[in-house]
Amino acid sequence: MKLLPMNVGPLNPTVPDLLIGFVLFLLCFWMMAGVLLPRIKRTLEQREALTTGRSREAEAILSEAAEVRARYEAELAGARHDAARIRQQAKEEGAAAIAAARAEGNRERDEILAAGTAQIAAARVAAEAELRPYAEELAAELAGRILGEPLPTPAGR
């Protein structure tokens, strides 16, 4: 079998050129397959691992944030409950203070009324004692006017 020369014009390769090209092709293929492609693959795997690790870190941070938020909301609910209890207690204490002040005011009013009533009664007795002698005299004079004749005035004046 005889190789027929190919006639491709000025690009007509010779056998040594073909052999050199084939050897260089194998060398480049070996470099790509044996050296560069494993490095590229390793780099891609590392990037994937970092990305996955970052995703796991992000998920861990999110779950921790959710726990912190749940604790915060629980503490906030407890604080609201305490505030409501304190408000209710203050309202009850205020109502008790108002009731005590009202009772004290009623007691003082009753004391003032009793003192005023006693003072009025004493003044009435004093005024009655002072005006009694004049009342008999005035009654006799008035009766005399009504009857048209003078009546004797009571003795003592």
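User: How far apart are the end C-alpha atoms of residues 55-89?
Analyst: They lie 50 Å apart, and the span is 100% helix and 0% strand. Helices here are DSSP runs of H or I with at least four residues, strands are runs of E with at least two, and both are numbered from the N terminus. UniProt lists residues 55-89 as "coiled-coil region" in an unreviewed entry. UniProt positions follow the numbering used here, feature names are shortened, and annotations may be inferred rather than shown by experiment.

User: What kind of model is it, and how are residues numbered?
Analyst: This is a predicted model: local features need pLDDT of at least 70, side-chain atom pairs count only at pLDDT 80 or more, and totals for chains, interfaces and linings use all residues. Residues are numbered from 1 along each chain as its sequence is written, and side-chain values use heavy atoms, with hydrogens and water left out.

User: Where does UniProt put the transmembrane region?
Analyst: The record, an unreviewed entry, places it at residues 20-37. That stretch of the model is 100% helix and 0% strand, with its end C-alpha atoms 24 Å apart.

User: Which residues make the nonpolar surface patch?
Analyst: Ile 20, Leu 24, Leu 27, Trp 30 and Met 31 make a patch of about 520 Å². Patch members have over 30% relative accessible area and no salt bridge; nonpolar side chains (Val, Leu, Ile, Met, Phe, Trp, Tyr) are joined within 5 Å, like charges within 9 Å. Areas come from the Shrake-Rupley method with a 1.4 Å probe, and for residues only the protein chains shown count as cover.

User: Where is Met 31 found?
Analyst: Met 31 is in helix H1, residues 15-147. Met 31 is partly exposed, at 36% relative accessible area. Buried means under 20%, exposed over 50%, and partly exposed in between (1.4 Å probe, protein chains only).

User: How many aromatic pairs are there?
Analyst: The count is one aromatic pair. In that pair, Phe 25 and Phe 29 are stacked, 6.3 Å centre to centre with 25° between the planes. Rings of Phe, Tyr and Trp (its six-membered ring) pair if their centres lie within 6.5 Å; planes under 30 degrees apart are stacked, over 60 edge-to-face, the rest tilted. Both Phe residues lie in H1, four residues apart, about one turn of the helix.

User: Switching topic, how many salt bridges does the whole structure have?
Analyst: Seven. The rule is a side-chain nitrogen of Lys or Arg within 4 Å of a carboxyl oxygen of Asp or Glu. One of them joins Arg 85 and Asp 82 at 4.0 Å, N to O.

User: How are Arg 85 and Asp 82 placed along H1?
Analyst: They're three residues apart, so about one helical turn separates them. Arg 85 is partly exposed at 44% relative accessibility, and Asp 82 is partly exposed at 37%.

User: Which residue does Glu 141 pair with?
Analyst: Glu 141 pairs with Arg 145, closest N and O atoms 3.1 Å apart. Glu 141 is partly exposed at 45%, while Arg 145 counts as exposed at 63%.

User: Which residues are linked in a network of salt bridges?
Analyst: Glu 104, Arg 107 and Glu 111.

User: Last one: where is the kink in H1?
Analyst: The kink of about 45° is at Leu 131, shortly before the proline Pro 133. The bend is the angle between axes fitted to the seven residues ending at a residue and the seven starting there. Just after H1, Gly 148 takes a positive phi of about 90°.
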